[in-house]
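Biologist: I would like to learn how to read the features of a model like this one. Please show it, and we can go through it by question and reply.

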Amino acid sequence: MNNHEIDYKLYGDDMQFVEVELDPSETVVAEAGSLMMMEDDIRMETVFGDGSAQGGGGLMDKLMGAGKRLLTGESLFMTTFTNTGYGKRHVYFAAPYPGKIIPIDLSLWNGKIICQKDAFLAAAKGVSVGIEFQRKLATGFFGGEGFIMQKLEGDGMAFIHAGGTIHRHDLRPGETLRIDTGCLVAMTRDVDYNIEMVSGVKTALFGGEGLFLATLRGPGTVWVQSLPFSRLASRVFAAAPASKGGGGKSSDEGGIGGLFDLFNK
């Protein structure tokens with residue numbers, strides 16, 4: 001086994017966090033900003049690139065690893081947490097918004113999972129976080145999550161996060177599933193991924209689901225989220241009251257005051 005072998009435990013329901021148990025000298029790698037808390041004897045270190053190099057690697061290897069992360073919109077740096085003590089120690093990572101944390105043992109999925117670019121939360125040291133170029137240009141232009149998706153490679157544990165409720169769907173050979181492009185969380189390496197345009201002008205323009213859907217063809221396994229963060233953010237932004245110039249107070253602030261403002265307009 002090339003990756004560090006870590007144990008874990010999930011807590012919570014809609015706002016989850018994961019407890020990672022580290023034996024002496026074991027290391028877990030995480031996205032910057034995902035740390036919740038850690039016990040004594042845990043050494044935290046910022047690394048350049050994806051943190052998967054076993055022997056350090058050369059400068060060009062580190063630059064390429066960091067460049068891949070930059071293309072996916074992530075930070076150039078990741079953070080490692082190593083148990084420097086003599087007993088078991090624990091480190092905790094929290095989900096960035098309401099949803100679920102999905103633990104994935106890469107050794108059970110042929111060593112590779114493809115996921116949306118902001119899904120990665122943490123993984124055992126040795127798991128490589130790279131980029132997955134989609135084969136067809138239309139997928140890149142209209143895929144919702146951009147031309148580039150993340151790929152997690154290795155034989156250890158990885159943790160990804162997605163919004164709302166997570167549904168795992170196992171596709172039979174030749175079976176096709178069409179989903180909203182933003183709802184795709186992850187898929188196994190053998191799933192064929194493409195984009196198709198919604199049929200019908202009225203459906204495309206007024207259906208509220210966008211012009212394109214993701215078409216996934218089996219065999220393979222797909223993870224789907226019920227609430228993409230982009231959808232949640234757009235609803236929050238639409239419901240947020242407009243600010244007045246100068247005072248910074250909302251036009252809806254105060255029920256009776258808002259009523260007078262309505263008649264004064």
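Biologist: Is R217 buried, partly exposed or exposed?

Modeller: First, a caution: this is a predicted model. R217 has a relative accessible area of 34%. Buried means under 20% and exposed over 50%, so R217 counts as partly exposed.

Biologist: With which residue does R217 form a salt bridge?

Modeller: Side chains of opposite charge can pair when their charged atoms come close. Here R217 forms a salt bridge with D192, and the closest N and O atoms are 3.6 Å apart. R217 belongs to strand β18 (residues 212-217) and D192 to strand β17 (residues 192-197), so the bridge ties together parts 25 residues apart in sequence. D192 is also partly exposed, at 26% relative accessible area.

Biologist: How many salt bridges does the structure hold?

Modeller: There are nine salt bridges. One of them joins the side chains of K100 and D14, at 3.9 Å from N to O. This pair links distant parts of the chain: K100 sits in strand β8 (residues 99-105), while D14 is in the loop between β1 and β2 (17-22), and 86 residues separate them.

Biologist: Are K100 and D14 buried or partly exposed?

Modeller: K100 has a relative accessible area of 19% and is buried. The cut-off for buried is under 20%. D14, at 47%, counts as partly exposed.

Biologist: Now the aromatic rings. How many aromatic pairs are there?

Modeller: A pair of aromatic rings is described by the distance of the centres and the angle of the planes. The count for this model is five aromatic pairs. Take Y8 and F159: the ring centres are 5.2 Å apart and the planes stand at 75°, so this pair is edge-to-face. The angle that decides it is over 60 degrees.

Biologist: In which strands do Y8 and F159 lie?

Modeller: Y8 is in strand β1 (residues 7-11) and F159 in strand β13 (residues 157-163), so the pair ties together parts 151 residues apart in sequence. Y8 is partly exposed, with 37% relative accessible area. F159 is buried, at 0%.

Biologist: What is the geometry of the rings of F81 and F93?

Modeller: Their centres are 5.3 Å apart and their planes are at 70°, so F81 and F93 also make an edge-to-face pair. F81 is in strand β6 (residues 77-83) and F93 in strand β7 (residues 89-94), twelve residues apart. F81 is buried, with a relative accessible area of 2%, and F93 is buried at 0%.

Biologist: Which residues do ring pairs link into a cluster?

Modeller: The cluster consists of Y11, F17 and Y92.

Biologist: Let us turn to strands. With which strands does β3 pair, and in what sense?

Modeller: In a regular strand the side chains alternate between the two faces of the sheet. β3 pairs with β6 in the antiparallel sense over five bridges, and A30 stands opposite T79 in β6. β3 also runs antiparallel to strand β10 (residues 120-124), to which three bridges join it. There, V28 has A124 as its bridge partner. β3 is mostly covered, as five of its five residues are buried.

Biologist: Where is S34 found, and what does S34 contact?

Modeller: S34 is in the loop between β3 (27-31) and β4. With 6% relative accessible area, S34 is buried. Leaving aside neighbours within four places in sequence, the contacts of S34 are Y92, F93, A94 and L121.

Biologist: Finally, which residues make a nonpolar surface patch?

Modeller: L35, M38 and M44 make a nonpolar surface patch of about 250 Å². L35 lies in strand β4 (residues 35-38) and counts as partly exposed, at 32% relative accessibility.

How values were computed. Residues numbered from 1 in each chain as written. Predicted model: local features only at pLDDT ≥ 70, side-chain atom pairs only at ≥ 80, totals over all residues. Heavy atoms only, no water. Phe/Tyr/Trp six-rings, centres within 6.5 Å; stacked < 30°, edge-to-face > 60°. Helix = DSSP H or I, 4+ residues; strand = E, 2+ residues; numbered from the N terminus. Buried < 20%, exposed > 50% of the residue type's maximum accessible area, 1.4 Å probe, protein only. Salt bridge = Lys/Arg side-chain N within 4 Å of Asp/Glu carboxyl O. Patch = residues over 30% accessible without salt bridge, like charges linked within 9 Å, V, L, I, M, F, W, Y side chains within 5 Å. Areas by Shrake-Rupley, 256 points an atom, 1.4 Å probe, with all protein chains shown as cover. Contact = heavy atoms within 4.5 Å. Pairing = 2+ DSSP bridges.
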